[in-house]
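User: I would like to go through this structure with you and ask, for some of the terms used, what grounds there are for using them.

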Amino acid sequence: MVLKINNRDARRLWLQSLGLAKAPIGQADVMGVIRQLGFVQLDTLRNVARAHDHILWSRNQNYREGDLEGVLAAGEVFEHFTHDASCLPIEFYPYWQRQFRRYADKMANHSYYKTKMKAADVAAILERVRQEGPLSTHAFDTRAKPKKGMWSRPPHKVELDKMWYSGVLATSHRKDFTKFYDLAERVIPAELRGVAHPDEVQVDWLCRAALVRLGFGTVGDIQRFWGAMSAVEAKAWVAGAGLVPVKVQARDGSWREGFALEDIEARIKAVAPPTSRLRIVNPFDPVARDRERLDMLFGFDYRIEIFVAAAKRKWGYYVYPLLEGDRFVGRVDMKADRAKGVLVVKQVWWEAGVRASVARVTKLEAEVGRMARFVGMKHIQWDCAACGVAPSARP
(Lines give C-alpha, C1' and ligand atoms only; values in the text may rest on other atoms or scores of the structure.)
Protein backbone atom coordinates (compact mmCIF):
# COMPACT_ATOMS: atom_id res chain seq x y z
CA MET A 1 0.00 0.00 0.00
CA VAL A 2 1.31 3.44 -0.96
CA LEU A 3 1.74 5.95 1.87
CA LYS A 4 0.55 9.46 1.04
CA ILE A 5 2.49 12.40 2.50
CA ASN A 6 0.70 15.73 2.31
CA ASN A 7 2.61 18.83 1.31
CA ARG A 8 2.80 20.41 4.74
CA ASP A 9 4.18 17.25 6.34
CA ALA A 10 6.62 16.80 3.45
CA ARG A 11 7.96 20.34 3.81
CA ARG A 12 8.30 20.06 7.56
CA LEU A 13 9.97 16.64 7.43
CA TRP A 14 12.48 17.92 4.88
CA LEU A 15 13.30 20.99 6.97
CA GLN A 16 13.59 18.94 10.17
CA SER A 17 15.87 16.43 8.42
CA LEU A 18 18.09 19.33 7.36
CA GLY A 19 18.29 20.95 10.78
CA LEU A 20 16.33 24.03 9.72
CA ALA A 21 13.20 23.40 11.78
CA LYS A 22 14.55 24.51 15.14
CA ALA A 23 15.87 27.91 16.15
CA PRO A 24 19.63 28.16 15.42
CA ILE A 25 20.67 28.72 19.01
CA GLY A 26 22.55 26.86 21.73
CA GLN A 27 26.11 25.56 21.89
CA ALA A 28 27.69 25.18 18.46
CA ASP A 29 28.16 21.53 17.44
CA VAL A 30 29.91 21.68 14.08
CA MET A 31 30.34 17.92 13.73
CA GLY A 32 26.77 17.25 14.84
CA VAL A 33 25.48 19.47 12.03
CA ILE A 34 27.80 17.93 9.44
CA ARG A 35 26.73 14.41 10.43
CA GLN A 36 23.08 15.41 10.21
CA LEU A 37 23.54 16.89 6.74
CA GLY A 38 25.92 14.16 5.54
CA PHE A 39 28.30 16.71 4.05
CA VAL A 40 28.82 20.44 3.72
CA GLN A 41 29.54 21.91 0.31
CA LEU A 42 32.63 24.09 0.03
CA ASP A 43 32.80 27.23 -2.03
CA THR A 44 35.53 29.83 -2.48
CA LEU A 45 33.20 32.72 -3.30
CA ARG A 46 32.72 35.06 -0.35
CA ASN A 47 29.87 37.32 -1.40
CA VAL A 48 28.86 37.71 2.24
CA ALA A 49 30.18 34.51 3.80
CA ARG A 50 31.55 31.42 2.08
CA ALA A 51 28.83 28.85 1.43
CA HIS A 52 30.07 26.28 3.95
CA ASP A 53 30.33 28.86 6.74
CA HIS A 54 26.88 30.24 5.94
CA ILE A 55 25.31 26.76 5.80
CA LEU A 56 26.69 25.84 9.22
CA TRP A 57 25.84 29.24 10.72
CA SER A 58 22.24 28.91 9.50
CA ARG A 59 21.85 25.91 11.80
CA ASN A 60 23.65 27.39 14.79
CA GLN A 61 24.41 31.06 14.95
CA ASN A 62 27.16 30.52 17.51
CA TYR A 63 29.21 29.04 14.67
CA ARG A 64 32.10 31.28 13.60
CA GLU A 65 33.81 31.67 10.24
CA GLY A 66 36.73 29.27 10.00
CA ASP A 67 35.39 26.70 12.48
CA LEU A 68 35.07 24.17 9.66
CA GLU A 69 38.77 24.57 8.84
CA GLY A 70 39.43 23.73 12.47
CA VAL A 71 37.62 20.38 12.35
CA LEU A 72 39.35 19.62 9.02
CA ALA A 73 42.78 20.25 10.52
CA ALA A 74 41.79 18.12 13.54
CA GLY A 75 40.99 15.19 11.26
CA GLU A 76 37.28 15.05 12.11
CA VAL A 77 36.25 15.43 8.46
CA PHE A 78 37.79 14.60 5.13
CA GLU A 79 37.43 16.57 1.96
CA HIS A 80 36.32 15.14 -1.36
CA PHE A 81 33.79 15.47 -4.16
CA THR A 82 30.08 14.70 -3.74
CA HIS A 83 28.10 16.67 -6.33
CA ASP A 84 30.74 19.32 -5.61
CA ALA A 85 33.74 19.81 -3.31
CA SER A 86 32.57 18.97 0.21
CA CYS A 87 33.60 18.03 3.73
CA LEU A 88 32.30 14.71 5.06
CA PRO A 89 32.59 13.09 8.52
CA ILE A 90 35.81 11.10 8.71
CA GLU A 91 33.93 7.93 9.72
CA PHE A 92 32.27 7.91 6.26
CA TYR A 93 35.66 7.30 4.62
CA PRO A 94 35.30 3.49 4.21
CA TYR A 95 32.12 4.05 2.17
CA TRP A 96 33.89 6.49 -0.13
CA GLN A 97 36.34 4.05 -1.75
CA ARG A 98 34.16 3.54 -4.80
CA GLN A 99 34.07 7.31 -5.31
CA PHE A 100 37.87 7.38 -5.49
CA ARG A 101 37.78 4.62 -8.10
CA ARG A 102 35.01 6.32 -10.08
CA TYR A 103 36.99 9.53 -10.33
CA ALA A 104 40.21 7.72 -11.20
CA ASP A 105 38.39 6.03 -14.10
CA LYS A 106 36.76 9.28 -15.16
CA MET A 107 40.03 11.21 -15.22
CA ALA A 108 41.80 8.48 -17.17
CA ASN A 109 39.35 9.03 -20.03
CA HIS A 110 38.78 12.78 -19.91
CA SER A 111 40.74 15.20 -22.08
CA TYR A 112 40.75 17.90 -19.36
CA TYR A 113 42.99 15.77 -17.16
CA LYS A 114 45.57 15.03 -19.86
CA THR A 115 48.33 17.54 -19.06
CA LYS A 116 51.20 16.11 -21.15
CA MET A 117 53.42 16.19 -18.09
CA LYS A 118 56.06 13.49 -18.16
CA ALA A 119 55.60 10.57 -15.78
CA ALA A 120 58.87 11.46 -14.05
CA ASP A 121 57.63 15.00 -13.39
CA VAL A 122 54.35 13.74 -11.95
CA ALA A 123 56.27 11.32 -9.73
CA ALA A 124 58.44 14.22 -8.58
CA ILE A 125 55.35 16.12 -7.42
CA LEU A 126 54.27 13.18 -5.30
CA GLU A 127 57.79 12.71 -3.96
CA ARG A 128 57.98 16.34 -2.86
CA VAL A 129 54.79 15.89 -0.83
CA ARG A 130 56.19 12.67 0.61
CA GLN A 131 59.45 14.36 1.64
CA GLU A 132 58.28 17.86 2.58
CA GLY A 133 54.85 17.22 4.03
CA PRO A 134 51.64 19.16 3.23
CA LEU A 135 52.06 21.47 0.22
CA SER A 136 49.71 23.77 -1.61
CA THR A 137 49.64 24.28 -5.34
CA HIS A 138 51.67 27.47 -4.79
CA ALA A 139 54.69 25.35 -3.88
CA PHE A 140 54.99 24.17 -7.49
CA ASP A 141 55.82 25.92 -10.74
CA THR A 142 55.70 23.94 -13.98
CA ARG A 143 56.16 27.13 -16.07
CA ALA A 144 53.63 25.70 -18.50
CA LYS A 145 50.67 27.84 -19.41
CA PRO A 146 47.29 26.28 -18.56
CA LYS A 147 44.67 25.68 -21.21
CA LYS A 148 42.42 28.66 -21.83
CA GLY A 149 38.99 28.58 -20.26
CA MET A 150 37.04 29.41 -17.08
CA TRP A 151 38.13 26.22 -15.31
CA SER A 152 41.69 26.14 -16.59
CA ARG A 153 44.39 25.07 -14.13
CA PRO A 154 48.19 24.88 -14.33
CA PRO A 155 49.38 21.35 -15.19
CA HIS A 156 50.80 20.72 -11.72
CA LYS A 157 47.46 21.71 -10.17
CA VAL A 158 45.64 19.24 -12.44
CA GLU A 159 48.07 16.47 -11.50
CA LEU A 160 47.71 17.24 -7.80
CA ASP A 161 43.94 17.12 -8.16
CA LYS A 162 44.09 13.82 -10.04
CA MET A 163 45.95 12.29 -7.11
CA TRP A 164 43.48 13.94 -4.71
CA TYR A 165 40.39 12.72 -6.58
CA SER A 166 41.75 9.17 -6.73
CA GLY A 167 42.51 9.11 -3.00
CA VAL A 168 46.32 9.04 -3.22
CA LEU A 169 46.45 12.53 -1.69
CA ALA A 170 44.09 14.07 0.83
CA THR A 171 43.48 17.58 2.13
CA SER A 172 45.62 18.02 5.21
CA HIS A 173 44.29 21.47 6.10
CA ARG A 174 43.42 24.83 4.59
CA LYS A 175 45.01 28.17 5.29
CA ASP A 176 43.07 31.25 4.18
CA PHE A 177 41.04 28.64 2.30
CA THR A 178 44.08 27.47 0.29
CA LYS A 179 44.16 23.66 0.16
CA PHE A 180 47.25 21.80 1.38
CA TYR A 181 47.78 18.31 -0.04
CA ASP A 182 49.37 15.44 1.88
CA LEU A 183 49.62 11.68 1.50
CA ALA A 184 46.28 10.08 2.37
CA GLU A 185 48.12 7.63 4.62
CA ARG A 186 49.23 10.55 6.79
CA VAL A 187 45.80 12.21 6.90
CA ILE A 188 43.29 9.35 7.16
CA PRO A 189 43.52 7.06 10.22
CA ALA A 190 44.84 3.59 9.42
CA GLU A 191 41.79 1.89 10.93
CA LEU A 192 39.58 3.63 8.35
CA ARG A 193 41.92 3.18 5.39
CA GLY A 194 42.15 -0.53 6.16
CA VAL A 195 38.40 -1.16 5.83
CA ALA A 196 37.46 -2.69 2.46
CA HIS A 197 33.69 -2.95 2.10
CA PRO A 198 32.39 -4.72 -1.03
CA ASP A 199 30.91 -2.37 -3.61
CA GLU A 200 27.34 -3.48 -2.89
CA VAL A 201 27.81 -2.70 0.82
CA GLN A 202 29.02 0.80 -0.02
CA VAL A 203 26.08 1.39 -2.37
CA ASP A 204 23.59 0.16 0.25
CA TRP A 205 25.10 2.40 2.92
CA LEU A 206 25.15 5.44 0.63
CA CYS A 207 21.55 4.99 -0.51
CA ARG A 208 20.18 4.41 2.97
CA ALA A 209 22.17 7.32 4.37
CA ALA A 210 20.76 9.50 1.58
CA LEU A 211 17.17 8.52 2.40
CA VAL A 212 17.72 9.18 6.10
CA ARG A 213 18.53 12.76 5.17
CA LEU A 214 16.03 13.14 2.34
CA GLY A 215 13.14 11.62 4.28
CA PHE A 216 11.65 10.54 0.96
CA GLY A 217 12.80 10.70 -2.61
CA THR A 218 12.81 9.40 -6.14
CA VAL A 219 15.55 7.23 -7.60
CA GLY A 220 17.06 10.42 -9.01
CA ASP A 221 16.98 12.13 -5.59
CA ILE A 222 18.81 9.19 -4.03
CA GLN A 223 21.40 9.03 -6.82
CA ARG A 224 22.08 12.77 -6.82
CA PHE A 225 22.40 13.14 -3.05
CA TRP A 226 26.03 11.99 -2.86
CA GLY A 227 26.79 11.92 -6.57
CA ALA A 228 28.68 8.68 -5.85
CA MET A 229 26.86 6.22 -8.09
CA SER A 230 25.13 5.97 -11.46
CA ALA A 231 21.38 6.16 -12.01
CA VAL A 232 21.45 2.49 -13.02
CA GLU A 233 23.06 1.53 -9.69
CA ALA A 234 20.55 3.60 -7.71
CA LYS A 235 17.61 2.09 -9.59
CA ALA A 236 18.87 -1.45 -8.96
CA TRP A 237 19.30 -0.69 -5.25
CA VAL A 238 15.78 0.73 -4.92
CA ALA A 239 14.32 -2.36 -6.62
CA GLY A 240 15.74 -4.68 -3.99
CA ALA A 241 15.88 -2.55 -0.83
CA GLY A 242 12.39 -3.25 0.56
CA LEU A 243 11.47 0.43 0.69
CA VAL A 244 8.08 1.95 1.47
CA PRO A 245 6.44 3.34 -1.68
CA VAL A 246 5.09 6.86 -1.10
CA LYS A 247 3.24 9.59 -2.90
CA VAL A 248 4.32 13.10 -1.94
CA GLN A 249 2.05 16.06 -2.49
CA ALA A 250 3.67 18.94 -4.35
CA ARG A 251 2.97 22.57 -3.54
CA ASP A 252 0.64 22.79 -6.56
CA GLY A 253 -1.46 19.88 -5.24
CA SER A 254 -0.16 17.23 -7.63
CA TRP A 255 1.35 13.97 -6.36
CA ARG A 256 4.82 12.56 -7.02
CA GLU A 257 5.82 8.94 -6.54
CA GLY A 258 8.86 8.11 -4.45
CA PHE A 259 10.32 5.90 -1.74
CA ALA A 260 11.14 6.07 1.95
CA LEU A 261 12.70 3.93 4.66
CA GLU A 262 10.62 1.69 6.93
CA ASP A 263 10.35 4.27 9.74
CA ILE A 264 8.74 6.97 7.57
CA GLU A 265 5.37 6.98 9.36
CA ALA A 266 7.05 7.37 12.76
CA ARG A 267 9.19 10.20 11.40
CA ILE A 268 6.15 12.04 10.07
CA LYS A 269 4.33 11.70 13.41
CA ALA A 270 7.38 13.13 15.18
CA VAL A 271 7.57 16.23 12.99
CA ALA A 272 6.92 19.46 14.89
CA PRO A 273 6.07 22.90 13.47
CA PRO A 274 9.29 24.74 12.58
CA THR A 275 10.46 27.93 14.20
CA SER A 276 8.84 31.06 12.79
CA ARG A 277 12.22 32.78 12.60
CA LEU A 278 13.09 34.23 9.18
CA ARG A 279 16.35 32.83 7.74
CA ILE A 280 18.63 34.02 4.95
CA VAL A 281 19.51 30.76 3.19
CA ASN A 282 22.66 30.21 1.18
CA PRO A 283 22.10 29.29 -2.51
CA PHE A 284 24.21 26.14 -1.97
CA ASP A 285 22.37 25.08 1.18
CA PRO A 286 20.99 21.51 0.94
CA VAL A 287 17.44 22.85 1.11
CA ALA A 288 17.99 25.02 -1.98
CA ARG A 289 20.64 23.11 -3.94
CA ASP A 290 18.18 20.74 -5.66
CA ARG A 291 16.13 23.37 -7.49
CA GLU A 292 13.57 20.82 -8.75
CA ARG A 293 12.83 19.51 -5.25
CA LEU A 294 12.72 23.08 -3.92
CA ASP A 295 10.12 24.03 -6.53
CA MET A 296 8.11 20.85 -6.05
CA LEU A 297 7.84 21.08 -2.26
CA PHE A 298 7.73 24.85 -1.72
CA GLY A 299 6.62 26.28 -5.08
CA PHE A 300 9.78 28.41 -4.99
CA ASP A 301 11.33 28.92 -8.42
CA TYR A 302 14.97 29.73 -7.80
CA ARG A 303 18.27 29.77 -9.60
CA ILE A 304 21.57 31.43 -8.83
CA GLU A 305 22.59 33.87 -11.57
CA ILE A 306 26.33 34.26 -11.01
CA PHE A 307 26.97 32.66 -14.42
CA VAL A 308 24.23 34.65 -16.17
CA ALA A 309 25.21 37.78 -18.09
CA ALA A 310 24.29 40.88 -16.07
CA ALA A 311 21.84 42.12 -18.69
CA LYS A 312 19.96 38.82 -18.61
CA ARG A 313 19.64 38.41 -14.85
CA LYS A 314 16.12 38.41 -13.46
CA TRP A 315 17.14 39.03 -9.86
CA GLY A 316 20.84 39.63 -9.31
CA TYR A 317 24.36 38.22 -9.13
CA TYR A 318 24.09 36.49 -5.74
CA VAL A 319 20.54 36.41 -4.39
CA TYR A 320 19.61 34.56 -1.20
CA PRO A 321 16.29 32.75 -0.59
CA LEU A 322 14.33 33.80 2.50
CA LEU A 323 12.83 31.00 4.61
CA GLU A 324 10.18 31.78 7.21
CA GLY A 325 8.73 28.84 9.10
CA ASP A 326 8.00 26.21 6.44
CA ARG A 327 7.65 28.67 3.53
CA PHE A 328 10.06 30.47 1.24
CA VAL A 329 8.70 34.00 1.36
CA GLY A 330 11.15 35.99 -0.73
CA ARG A 331 14.73 36.64 -1.75
CA VAL A 332 17.36 39.24 -0.93
CA ASP A 333 20.30 40.61 -2.90
CA MET A 334 23.10 41.67 -0.59
CA LYS A 335 26.87 41.85 -0.43
CA ALA A 336 29.54 42.46 2.18
CA ASP A 337 31.86 45.38 1.44
CA ARG A 338 34.71 44.19 3.65
CA ALA A 339 36.97 47.13 2.87
CA LYS A 340 34.36 49.50 4.33
CA GLY A 341 32.91 47.12 6.91
CA VAL A 342 29.43 47.47 5.43
CA LEU A 343 26.80 44.86 4.62
CA VAL A 344 24.87 46.28 1.67
CA VAL A 345 21.28 45.13 1.17
CA LYS A 346 20.60 45.97 -2.46
CA GLN A 347 17.06 44.69 -2.91
CA VAL A 348 14.38 42.48 -1.41
CA TRP A 349 11.64 40.73 -3.35
CA TRP A 350 8.69 39.16 -1.56
CA GLU A 351 6.92 36.21 -3.16
CA ALA A 352 3.45 36.64 -4.65
CA GLY A 353 0.88 36.59 -1.88
CA VAL A 354 3.44 37.40 0.84
CA ARG A 355 2.75 40.69 2.59
CA ALA A 356 5.68 42.86 3.57
CA SER A 357 4.24 43.50 7.02
CA VAL A 358 6.09 45.43 9.69
CA ALA A 359 6.51 42.17 11.65
CA ARG A 360 8.00 40.34 8.67
CA VAL A 361 10.36 43.16 7.72
CA THR A 362 11.42 43.41 11.37
CA LYS A 363 12.31 39.71 11.24
CA LEU A 364 14.34 40.33 8.09
CA GLU A 365 16.15 43.27 9.69
CA ALA A 366 16.98 41.12 12.71
CA GLU A 367 18.41 38.35 10.52
CA VAL A 368 20.42 40.82 8.44
CA GLY A 369 21.78 42.24 11.69
CA ARG A 370 22.77 38.78 12.89
CA MET A 371 24.50 38.04 9.60
CA ALA A 372 26.34 41.37 9.68
CA ARG A 373 27.72 40.48 13.11
CA PHE A 374 28.62 36.98 11.89
CA VAL A 375 30.83 38.34 9.10
CA GLY A 376 32.20 41.25 11.09
CA MET A 377 30.42 44.09 9.31
CA LYS A 378 29.96 47.13 11.56
CA HIS A 379 27.32 48.83 9.44
CA ILE A 380 24.28 47.87 7.35
CA GLN A 381 23.34 49.88 4.28
CA TRP A 382 19.78 49.44 2.99
CA ASP A 383 19.64 50.45 -0.66
CA CYS A 384 16.07 49.24 -1.16
CA ALA A 385 14.18 52.05 0.59
CA ALA A 386 12.47 49.97 3.28
CA CYS A 387 12.23 46.71 1.34
CA GLY A 388 8.48 46.99 1.04
CA VAL A 389 7.60 49.05 4.13
CA ALA A 390 7.68 52.83 4.38
CA PRO A 391 10.44 54.10 6.72
CA SER A 392 7.81 55.66 9.00
CA ALA A 393 6.22 52.24 9.49
CA ARG A 394 9.43 50.58 10.59
CA PRO A 395 10.06 50.36 14.31
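User: How many salt bridges does the rule find across the interface of domain 1 and domain 2?

Analyst: In this predicted model, the rule finds four salt bridges across the interface of domain 1 and domain 2. The interface also holds 16 residue pairs in polar contact, both residues being at pLDDT 80 or more. Helix H1 (7–17) and helix H3 (51–59) each supply at least two residues of the side of domain 1 that touches domain 2, and the residues of that side divide into 19 nonpolar, seven polar and ten charged.

User: Why is the meeting of the side chains of Glu65 and Arg338 called a salt bridge?

Analyst: The N to O distance between the side chains of Glu65 and Arg338 is 3.8 Å, and the cut-off for a nitrogen of Arg and a carboxyl oxygen of Glu is within 4 Å, so the pair qualifies as a salt bridge.

User: What makes Ile188 buried rather than exposed?

Analyst: Ile188 has a relative accessible area of 3%, and because buried means under 20%, Ile188 is classed as buried. Ile188 is found in the loop between helix H8 (184–187) and helix H9 (190–193), and, leaving aside its neighbours within four places in sequence, Ile188 is in contact with Phe78, Ile90, Tyr93 and Arg193.

User: Which separation is given for the C-alpha atoms of Ile188 and Gly75?

Analyst: The C-alpha atoms of Ile188 and Gly75 are separated by 7.5 Å, although the two residues are 113 residues apart along the chain.

Notes
Residues numbered from 1 in each chain as written. Predicted model: local features only at pLDDT ≥ 70, side-chain atom pairs only at ≥ 80, totals over all residues. Heavy atoms only, no water. Helix = DSSP H or I, 4+ residues; strand = E, 2+ residues; numbered from the N terminus. Buried < 20%, exposed > 50% of the residue type's maximum accessible area, 1.4 Å probe, protein only. Contact = heavy atoms within 4.5 Å. Polar contact = N/O pair within 3.5 Å; in protein donor to acceptor, adjacent residues only side chain to side chain. Nonpolar A, V, L, I, M, F, W, Y, C, P; charged D, E, K, R; others polar.
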